[in-house]
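Biologist: I would like to learn how to read an interface between two chains. Please take me through one.

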Amino acid sequence: MNSAAHIVYVFHLLVILAGGLVATRAVQKDRALVGLITAMFGVAGMYLLMNAPYLALMQLMIYAGAVGVLIFFAVMFTRPAQGQEERGRYLKRPLMAVAAGLLPAATLAAGAFLFIRQAKAQAPEIPVVQLGAGLLGRYALAFELISVVLFAAMAGGVLLGFERRRRR
Amino acid sequence: MSDLFLFHLAGLLLLGLGFYGLARRRSLVGMLIALELLLNGAGLSVAASCQLGGGDPVAGQLTSLLIMGLAAAEATLVVAIILVVTLRAGDSNIDSVSELKG
């Protein structure tokens, strides 16, 4: 990356950090969701920086679009009257949460710093045709399996939603 | 510091924030949001490893896509679970579903 790309990288990193902090610390769930979507936009920027524009597009469509709307539905189902759902005795233990986040991340970062010896200076840009050929050729089974998993999850979701109504 | 390490740092930042959120949040929706952060970090690290490391870039991008698909499936199921827990227990706080009857 050249120096301009480094500046863009730092910008996206700050977007991820700010969005992630809002997502994990906001009291209101809808604000946390906005933080999550902001962090997803930062990750899409990271994909663009590593020469993967198709992944960046999918990141925006799947994560920021589909998953964001799904979580928004969950927020609507569970909206509390006062919006104070996260206040409680557990918030008196923030140090444990910080340790839970910091320890694995710091350990893995130290490992990456020690063991990453060689890396390409420029990431190759893969044409979408090549990705499509991979999905329908060598990785066709994985592609089909993920659609089965999605179908099973959605069917399970619908069944779980109907269960309560049947009992009434 | 190589570019690969920088991208891994971003992925690890998401991992740390995800674990922090999982440990801090007490509502299922908050935990789901933290889990999505975790999976975002995993996808970013896999893609970076194959784009800038020695791996196959096509495999890396497709693995990252599969992680996105898994995250969508997991979010669908968790939203259904949240719906059921909210209908049964009145709220989506994990304290209200951590005790057994009897």
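Modeller: What follows goes from the interface to the fold of one chain. This is a predicted model, in which local features need pLDDT of at least 70 and side-chain atom pairs count only at pLDDT 80 or more, while totals for chains, interfaces and linings use all residues. Residues are numbered from 1 along each chain as its sequence is written, chains are lettered from A in the order in which they are written, and side-chain values use heavy atoms, with hydrogens and water left out.

Biologist: How many residues of chain A are in contact with chain B, and how much area do the two chains bury?

Modeller: The size of an interface is often given as the accessible area lost when the parts come together. Buried area is counted with a 1.4 Å probe and summed over both parts. Here chain A and chain B bury about 6,800 Å², with 74% of it on carbon and sulfur atoms. A:Thr24, A:Met50 and A:Tyr63 supply 10% of the area that chain A buries against chain B, more than any other three residues. By contact (heavy atoms within 4.5 Å), 83 residues of chain A meet 70 residues of chain B.

Biologist: What is the secondary structure of chain A?

Modeller: Helices are DSSP runs of H or I with at least four residues, and strands are runs of E with at least two. Chain A has 6 helices and 0 strands.
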